[in-house]
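Q: I'd like to go through this model and ask what stands behind each label. Could you set every value against its definition for me?

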Amino acid sequence: MNDEQRSLLLRSAARFPLPEGMRFSYGTAGFRADALVLHSTMFRAGIIASLRSLKNDGAVIGLMVTASHNQITDNGVKIADPSGGMLSQLWEPFTDAVANAPDADHLLRLICDFAEKEGISFDGSCRAEVLMGRDTRPSGESLLEAAKEGVNAIAGSAATDMGVLTAPQLHWMVRARNRGEKASEVHYFEQLAGSFRCLIDLAPNHGQKSTISKLVVDGANGVGAEKLELLIKMLDVSFIEVRNNGKGGGILNEGVGADYVQKERVVPDGFGGDDVGIRCASLDGDADRLVYFMIPSASGKDIILVDGDKMLSLFALFIKDQLSVLLQGDVKDNSFQPRLGVVQTAYANGASTDYLKRSGLEVIFTPTGVKYLHEKAAEYDIGIYFEANGHGTVLFSKCFLSWLEARSNELSSNSAGSDQQRAALRLMAVSKLINQAIGDALSGLLLVEAILFHMGWSISQWNELYHDLPSRQLKVKVKDRTAVVTTNAETTVVKPPGIQEAINVVSAKYPRGRSFIRPSGTEDVIRVYAEASTKDYADGLAKSIAELVESYLG
């Protein structure tokens, strides 16, 4: 970095001092905090995005200003890698250090040292490019401007403002741009709409139903509602109704949204007794989470939740069925046997795991966090992951898609209209409808609707795939959360010695009892998860395990 470049960075950084007493940490959710204290963080995130682009030979990087399901006064930022996925975990320590550098001089030294270590050149031979977006929060515009200044503080970098977007839209655009594809919002909608129509056209004729029944969507008063309404117009469909679209004075994520519905198990604002039996869905604030629900009675308060575990099961069942049809009688090419894997965390309900295994699916566990799930799913020809909160997606390997395209072309020539050809076309449509960069509530919603229509299922029939085991989660405050060390995807405690054996003994006392503990990533608490055959048993098991934690850790 020459003197002119150093001077530019120092001048820019001086305008965005670190708030006194604040410390920021970049994790799965990126940086999040009260919007009033985030301008320095946004500026520095812009720098990180530029450096990440330079490290990847000028590949496009994404920067999204959002706090997802947090309250409206919060905001945050996520950085998208060239694949459209999350920022590499290897860069998280550097990102934390940059965000917390006490002054401009420290910040400059950090950047220069890191650039030298990573082989990042500032000689102008490579130009950094950053796509930027924001959700509908009122603080978003000024924070985006701070991020732009951060991008521009690295000489030769270019920031492109893509406007108001859902987080998954921006991730999709980054992935598309780096694959040499068109990457505007219109192209995103065209791909979703075309793939959805293809799946609907390929659905079997169920006789009694020729149209999709009504779906009511809670838009969380956020950007997802705005974008879903645009998508509905492009689809030219009438079966989707959007509520909580932010136009009637509703507040983002307040009494609405996927996070609220999934955690509280109650109807969101704007829904009630008039919606009994109707298929309903809920987006979160930046539209990367989706859950379905049904209101069972006229009281209009309680819900039957159909969460991310059930979406995973629906997608896995459909894809497995299409693969089975496609591979039937495949004499010419038996050399390629696609490997389908389902990835969960220990928080997945045990009933869902049992159902998936009984269905003949390979189920693998990872530690908690989307970054771990996504990485593991990418090891399969088709990898499916979802968390119970409704965040997840389906990944298709390049090798599988190349084979599928070739197989589809062969079937079109030799067996047009056959079950095998239709199965191939369905799988190709799924690969284009689902957002393979990141969990996407809009694409996920359309895929759910297409599969339910294909199956001829109501939401009740979908929910009957299996019955969730009652579960309970507790937090136990401790002096030092690092005293607990886990293995086997956080399901087994190796430190302190003896506690895992004690957990096993207690869990065995409850019918279908299962429990695990793990340290929080952000606070000195130990998280307890327990499930059993009844609610009372699950509550009792959780309480007993919490008492064990207290006795071992004080």
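A: Gladly! Let's begin with touching: contact means heavy atoms within 4.5 Å. Leaving out residues up to four places away in sequence, threonine 353 touches Gln344, Ala348, Val363 and Phe365. Please keep in mind that this is a predicted model, where local features need pLDDT of at least 70, side-chain atom pairs count only at pLDDT 80 or more, and totals for chains, interfaces and linings use all residues. Residues are numbered from 1 along each chain as its sequence is written, and side-chain values use heavy atoms, with hydrogens and water left out.

Q: Why is threonine 353 called buried?
A: Buried means under 20% relative accessible area, exposed over 50%, and partly exposed in between (1.4 Å probe, protein chains only). Threonine 353 has 8%, so it is buried.

Q: What makes the pair threonine 353 and glutamine 344 a polar contact?
A: A polar contact is a pair of N or O atoms within 3.5 Å; within protein, one must be able to donate a hydrogen and the other to accept it, and residues adjacent in sequence count only if both atoms are side-chain atoms. The side chains of threonine 353 and glutamine 344 make such a contact at 2.7 Å.

Q: Where is threonine 353 placed?
A: Threonine 353 is in helix H11, residues 350–358. Helices (H or I, at least four residues) and strands (E, at least two) are DSSP runs, numbered from the N terminus. The chain has 18 helices and 19 strands.

Q: What makes alanine 348 buried?
A: Its relative accessibility is 5%, which is under 20%, so alanine 348 counts as buried. Alanine 348 is found in the loop between strand S11 (340–344) and H11. Not counting residues up to four places away in sequence, alanine 348 touches Asp309, Thr353, Arg514, Tyr529 and Glu531.

Q: Why does aspartate 539 count as buried?
A: Aspartate 539 has 19% relative accessibility, and because the cut-off is under 20%, it counts as buried. Aspartate 539 lies in helix H18 (residues 535–553), and a polar contact of 3.3 Å joins its side chain to that of arginine 472.

Q: Why is proline 497 called exposed?
A: Its 68% relative accessibility is over 50%, so proline 497 counts as exposed. Proline 497 is found in the loop between strand S17 (492–495) and helix H17 (499–507). Proline 496 is found in that loop between S17 and H17, and the peptide bond from lysine 495 to proline 496 is cis, with omega near -5°.

Q: How do you know that the radius of gyration agrees with a compact globule?
A: The radius of gyration is taken over C-alpha atoms, and the globule rule is 2.2 Å times the number of residues to the power 0.38. With 554 residues, a compact globule would have a radius near 24 Å; the protein chain has 24 Å, so the two agree.
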